[in-house]
Amino acid sequence: MKIDLRSDTITKPSKGMLNAMMQAKVGDDVYKEDETVNALEARVAKLFGKSHALFFPSGTMANQTAIKLHTNPGDQVICDKYAHIYNYEGGGASFNSGVSCKLIDGERGMFTAKQVEDAINPPDFYHSPLTTLVEIENTTNKGGGACWDFKELQKIKKVCTANNLGFHLDGARLWNALVAKEETAKDYGELFDTISVCFSKGLGCPVGSVLIGDEHLMQNAIRIRKILGGGMRQVGFLAAAGLYALDHNIEMLKEDHKKAKEIAIVLEKASYINKVETVETNIVIFTLNDKYGDEAFLELLKNKNIHISNMGQGKLRIVTHLDYTSEMHDSLLNVLNLL
Ligand SMILES: *Cc1c(COP(=O)(O)O)cnc(C)c1O
């Protein structure tokens, strides 16, 4: 039995999801004639209380489009040093939008309104890049699935409003935060100008992300998506997976979170552990003491057909997901206990 905990992106569509996909009514989405895509976009927009939503092939493309919507070349984006847009989108912020990032030295990928204030370049000081956008991630990926304090986000929103800055949420794993903190999509829709969400992470879809926002910003999003090569044709087959996931898979995230917490409890007691970071959702990040080296530890697990990620700098990562069964869980806890 292979136990793959490298990421929550490795899931395969379930029978129910595949059925929903096979039965989807489709049309040419570049003409906006795919009724399943239209239905998913309308449903997600409504969920967040925004007027517009647009389907994308990836979270990266949705984020890159958002950055372009909010900025002009030469501008600066404020984000955490752990931000996905800075670390893991291939340098797209500079490639696609010609912007730089002002990195905040946050905690587990999160920062304060005061830190945002301090990071804004004075708009009349023309020697510095013009700050136009603040970007945050919830949950934080490199921060180990941590969830923001909603009150701090409200304070950051005030800073954005006072300084005329856009506010974008990279919500690749926002569904996890909503379930873990019992928050609603509308709470986030009220706070952010644009939000990207992924269907291919915790929700078990093969492909798909959606960018959400109000009309004045989103009217240009479809053009940017076209420029980036993201205009797709009979893509309702994929949107159908998203609709299915909204109906069936959001509540299941609780199970991922529970399993992640149980893994952390076992790790905390293990002889080979230095530190396990607090688990809030489906990501467990930990460091080892010198009983085993990182590589040797990964090899030991691999020999038992268990696969996890090495994040570098001594950090190892386990991510629970929809295809990680209770049987696999019992077997993993057993191995972690015995090592
Ligand atoms: C996965 C992820 C994305 C988008 O990734 P794609 O693989 O392009 O869909 C964006 N932000 C965060 C925080 C992510 O974890």
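This is a predicted model: local features need pLDDT of at least 70, side-chain atom pairs count only at pLDDT 80 or more; totals for chains, interfaces and linings use all residues.
Asn164 belongs to the loop between α7 and β6. Although Asn164 is not a glycine, its phi is positive, at about 60°.

Asn305 likewise has a positive phi of about 60° without being a glycine. It is found in the loop between α14 (294–303) and β11 (306–307). With a relative accessible area of 30%, Asn305 is partly exposed.

A further backbone feature is the cis peptide bond that joins Asn138 and Thr139, where omega is about -5°. Thr139 is placed in the loop between β5 and α7.

## The Sheet

Seven strands make up an open sheet with mixed pairing, and their order is β2-β8-β7-β6-β5-β3-β4. At the edges are β2 (52–56) and β4 (100–104), each of which pairs on one side only. From one strand to the next, the twist averages 20°.

Strands of a sheet pair through backbone hydrogen bonds, in either a parallel or an antiparallel sense.

Helix α7 (residues 150–162) lies across β5 and β6 (166–171), and its direction makes an angle of about 145° with β6. Helix α8 (residues 174–181) lies across β6 and β7 (194–198), running at about 95° to β7.

## Packing of α2 Against α12

The axes of helix α2 (residues 35–48) and helix α12 (residues 236–248) come within 8 Å of each other and cross at roughly 35°. The crossing of α2 past α12 is left-handed.

On the α2 side, the contact involves Thr36, Val37, Ala39, Leu40, Arg43, Val44 and Leu47. These meet Gly236, Ala239, Ala240, Gly242, Leu243, Leu246 and Asp247 in α12. By class, the residues of this contact comprise nine nonpolar, three polar and two charged.

## Aromatic Pairs

A search of the whole structure finds 10 aromatic pairs. One of them joins Phe150 and Tyr188: the ring centres are 5.2 Å apart and the planes stand at 75°, so the pair is edge-to-face. Because Phe150 lies in helix α7 and Tyr188 in helix α9 (residues 185–191), the pair ties together parts that are 38 residues apart in sequence. Phe150 and Tyr188 are both buried.

Tyr272 and Tyr292 form a tilted aromatic pair, with 5.9 Å from centre to centre and 50° between the planes. This pair links distant parts of the chain, 20 residues apart: Tyr272 is in the loop between α13 (253–269) and β9 (273–276), and Tyr292 is in the loop between β10 (283–288) and α14. Tyr272 is buried, with a relative accessible area of 0%.

Phe150 and Tyr188 also belong to one aromatic cluster together with Phe167 and Phe192.

## The Surroundings of Pro129

Pro129 is situated in the loop between α6 (113–119) and β5 (131–137). It counts as partly exposed, at 29% relative accessibility. When residues up to four places away in sequence are not counted, Pro129 touches Gly74, Asp75, Gln76, Ser100 and Asn121.

Between Pro129 and Pro206 there are 77 residues in sequence separation and 39 Å in space, C-alpha to C-alpha.

Note on methods. Residues are numbered from 1 along each chain as its sequence is written. Side-chain values use heavy atoms; hydrogens and water are left out. Axes are lines fitted to C-alpha atoms, for helices over the stretch in contact, and angles run from 0 to 180 degrees between N-to-C directions. Helices (H or I, at least four residues) and strands (E, at least two) are DSSP runs, numbered from the N terminus. A crossing is left-handed if the near helix is turned anticlockwise from the far one by less than a right angle, and right-handed if clockwise. Contact means heavy atoms within 4.5 Å. Ala, Val, Leu, Ile, Met, Phe, Trp, Tyr, Cys and Pro count as nonpolar, Asp, Glu, Lys and Arg as charged, and the others, Gly among them, as polar. Buried means under 20% relative accessible area, exposed over 50%, partly exposed in between (1.4 Å probe, protein chains only). Two strands pair if DSSP finds at least two bridges between them. Rings of Phe, Tyr and Trp (its six-membered ring) pair if their centres lie within 6.5 Å; planes under 30 degrees apart count as stacked, over 60 as edge-to-face and the rest as tilted.
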